[in-house]
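Subject: Structure handover

Hello,

Here is the structure I said I would pass on. My notes on what was found in it follow below.

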Amino acid sequence: MQSALGVATKDVVVALGSGQVATLERRFLDPRRPSAEVRKAEEKEGLFQYNPALPISPMAVLSYHLQVEGATGVISAGTRLESQGVVAAYGGPDLFVTRVSPARGFDLLPEGFQKKVLVVVVGAIWTAFLVLREKSKWILLKGAWA
């Protein structure tokens, strides 16, 4: 899935033979994965040892307990939020659509974010700016007449 600006992590969305829709991190498909023991330089790059079986984490299954029977295609699209996207799996009698957040919603405000406090603080800073600007003008004018 490609994000709107390319900042968020990119995952590969797959329809499994079991009828589930899952995501795979791109690093699992990196052709540079070593077949021998991983060296420190490769480990720093985020590479790990090659395994012919791709690991599917239960947390990466987008369709949860639901099955998409006979899925023949998967489409993904970005949203206005950089950290989120929409995935649709289609084919057979089923259509499955869900929202995904591969970057864990880094651009979302938490539920308990206090917007009113933010508005008050910004208003106070703006008021202080205006007052200090006028005071500095007055001090400069007073200094010019002295």
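**Tyr-50 and its surroundings**

Leaving aside neighbours within four places in sequence, Tyr-50 is in contact (heavy atoms within 4.5 Å) with Arg-33, Pro-34 and Ser-35. Please note that this is a predicted model, in which local features need pLDDT of at least 70 and side-chain atom pairs count only at pLDDT 80 or more, while totals for chains, interfaces and linings use all residues. Residues are numbered from 1 along each chain as its sequence is written, and side-chain values use heavy atoms, with hydrogens and water left out.

Tyr-50 sits in the loop between helix 1 and strand 3. Helices (H or I, at least four residues) and strands (E, at least two) are DSSP runs, numbered from the N terminus. With a relative accessible area of 43%, Tyr-50 is partly exposed; buried means under 20% relative accessible area, exposed over 50%, and partly exposed in between (1.4 Å probe, protein chains only). From Tyr-50 to Ala-36 the C-alpha to C-alpha distance is 7.8 Å, although they are 14 residues apart in sequence.

**The chain as a whole**

The protein chain has 2 helices and 5 strands, and from the N terminus on its elements run β-β-α-β-β-β-α. Of its 146 residues, 25% are buried. Among the contacts with a separation of 6 or more, 43% are between residues 24 or more positions apart. The accessible surface comes to about 10900 Å², and carbon and sulfur atoms account for 62% of it; accessible areas come from the Shrake-Rupley method with a 1.4 Å probe, and for residues only the protein chains shown count as cover.

**Core**

The largest nonpolar core has 8 residues: Val-13, Val-21, Leu-62, Val-68, Val-87, Ala-89, Phe-96 and Val-100. A nonpolar core is a set of buried Ala, Val, Leu, Ile, Met, Phe, Trp, Tyr and Cys residues joined through side-chain atoms within 4.5 Å. Strand 4 and strand 5 are the elements that give two or more residues to this core. Not counting residues up to four places away in sequence, Val-13 touches Val-21, Ala-22, Thr-23, Leu-62, Val-74 and Val-87.

Thr-98, in strand 5 (residues 94-100), counts as buried because its relative accessibility is 15%. Beyond four places in sequence, Thr-98 touches Leu-62, Gly-85, Val-86 and Val-87. Ser-63 lies in the loop between helix 1 (40-44) and strand 3 (73-78) and is buried, at 0% relative accessibility.

The phi of Tyr-64 is near 55 degrees, a positive value in a residue other than glycine. Most residues other than glycine have a negative phi.

**Surface patch**

Ile-75, Val-86, Tyr-90, Leu-95 and Val-97 make a nonpolar surface patch of about 460 Å². Strand 4 (85-91) and strand 5 are the elements that give two or more residues to the patch. Patches are made of residues with over 30% relative accessible area and no salt bridge, where like charges are joined within 9 Å and nonpolar side chains (Val, Leu, Ile, Met, Phe, Trp, Tyr) within 5 Å. A salt bridge is a side-chain nitrogen of Lys or Arg within 4 Å of a carboxyl oxygen of Asp or Glu. Leu-95, one of the patch residues, is found in strand 5 and counts as exposed, at 63% relative accessibility.

**Aromatic pairs**

The structure holds 2 aromatic pairs. Rings of Phe, Tyr and Trp (its six-membered ring) pair if their centres lie within 6.5 Å; planes under 30 degrees apart count as stacked, over 60 as edge-to-face and the rest as tilted.

The rings of Phe-28 and Phe-48 have their centres 5.2 Å apart and their planes at 70 degrees, so this pair is edge-to-face. Phe-28 lies in the loop between strand 2 (21-25) and helix 1, and Phe-48 in the loop between helix 1 and strand 3, so the pair ties together parts 20 residues apart in sequence. Phe-28 is buried, at 15% relative accessible area, whereas Phe-48 is partly exposed, at 23%.

For Trp-126 and Phe-129 the ring centres are 5.3 Å apart and the planes at 35 degrees, so the pair is tilted. Both residues lie in helix 2 (residues 115-145), 3 residues apart, about one turn of the helix. Trp-126 counts as exposed, at 52% relative accessibility, and Phe-129 as partly exposed, at 41%.

Regards
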